[in-house]
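Biologist: I would like to learn how to read some local features of a model. Can we take them one by one?

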Amino acid sequence: MELMNANELLLNGEQQATFIQLFNVLAADIHLTARSKGFWENDRNDGEMIALVHSELSEALEGIRHGNPPDSHCSEFSSAEVEFADAIIRLMDQAQARKWRVAEALFAKLLFNKNRPYKHGKQF
């Protein structure tokens, strides 16, 4: 694979638009599932929802501390893989509920990061 310009993203504009569309469709499906399971009977607190993302990442850390065994629910994946997926699901659910443009922000932030200095200008 040819190295690309550090100021460019791997996905072109059309591919980015497709990703954004698919991300938003998946987020809508995730949110509908959460609603159907009773998690949105009342409006949810953003701070609590962010804390729940933290909890998924803490579970991933614990899995790694214990050798990253197969997940107890989806045994074809490691515990870290499934807990990362859970964190993403929670983020997408909240983003969909709040109509936040996370997929679009992802590409903006990726491009911003590509143009930052080495280690963002810090020693470590």
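Biologist: Where is histidine 120 placed?

Modeller: Helices (H or I, at least four residues) and strands (E, at least two) are DSSP runs, numbered from the N terminus. Histidine 120 is in the segment after α4. Its phi is positive, near 55°, although the residue is not a glycine. This is a predicted model, where local features need pLDDT of at least 70, side-chain atom pairs count only at pLDDT 80 or more, and totals for chains, interfaces and linings use all residues. Residues are numbered from 1 along each chain as its sequence is written, and side-chain values use heavy atoms, with hydrogens and water left out.

Biologist: Is histidine 120 buried or exposed, or partly exposed?

Modeller: Buried means under 20% relative accessible area, exposed over 50%, and partly exposed in between (1.4 Å probe, protein chains only). Histidine 120 has a relative accessible area of 37%, so the residue is partly exposed. Lysine 99 is another non-glycine residue with a positive phi, about 60°. Lysine 99 follows α3, in the loop between α3 and α4, and counts as exposed because its relative accessibility is 71%.

Biologist: Why does the length of helix α3 agree with its residue count?

Modeller: The expected span of a helix is 1.5 Å times one less than its number of residues. Helix α3 (residues 79–98) has 20 residues and should span 28 Å; its end C-alpha atoms are 29 Å apart, so the two agree.

Biologist: Which elements do the buried residues of α3 pack against?

Modeller: Contact means heavy atoms within 4.5 Å. The buried residues of α3 pack against α1, α2 (46–65) and α4; among them are Val82, Ala87 and Met92. Serine 79, also in α3, is buried because its relative accessibility is 10%. Beyond its neighbours within four places in sequence, serine 79 touches Gly63, Asn68, Pro69, Pro70 and Asp71.

Biologist: Which residues make up the largest nonpolar core?

Modeller: In soluble globular proteins, nonpolar side chains tend to be buried together. A nonpolar core is a set of buried Ala, Val, Leu, Ile, Met, Phe, Trp, Tyr and Cys residues joined through side-chain atoms within 4.5 Å. The largest one here has eight residues: Leu9, Ile20, Phe23, Ala27, Ile30, Met92, Ala103 and Phe107. Both α1 (13–36) and α4 (102–114) supply at least two residues of this core, and α1 gives the most, with four. Setting aside neighbours within four places in sequence, isoleucine 20 contacts Ala103, Glu104 and Phe107.

Biologist: How many salt bridges are there?

Modeller: Side chains of opposite charge can pair when their charged atoms come close. A salt bridge is a side-chain nitrogen of Lys or Arg within 4 Å of a carboxyl oxygen of Asp or Glu, and the count comes to four. In one of them, arginine 98 meets aspartate 43 at 3.0 Å, N to O. Arginine 98 lies in helix α3 and aspartate 43 in the loop between α1 and α2, so the pair ties together parts 55 residues apart in sequence. Asp43, Asp46 and Arg98 are linked in a network of salt bridges.

Biologist: What does glutamate 56 form with arginine 90?

Modeller: Glutamate 56 and arginine 90 form a salt bridge, with the closest N and O atoms 2.8 Å apart. Glutamate 56 lies in helix α2 and arginine 90 in helix α3, so this pair joins parts 34 residues apart in sequence. Glutamate 56 is buried, at a relative accessible area of 7%, whereas arginine 90 is partly exposed at 28%.
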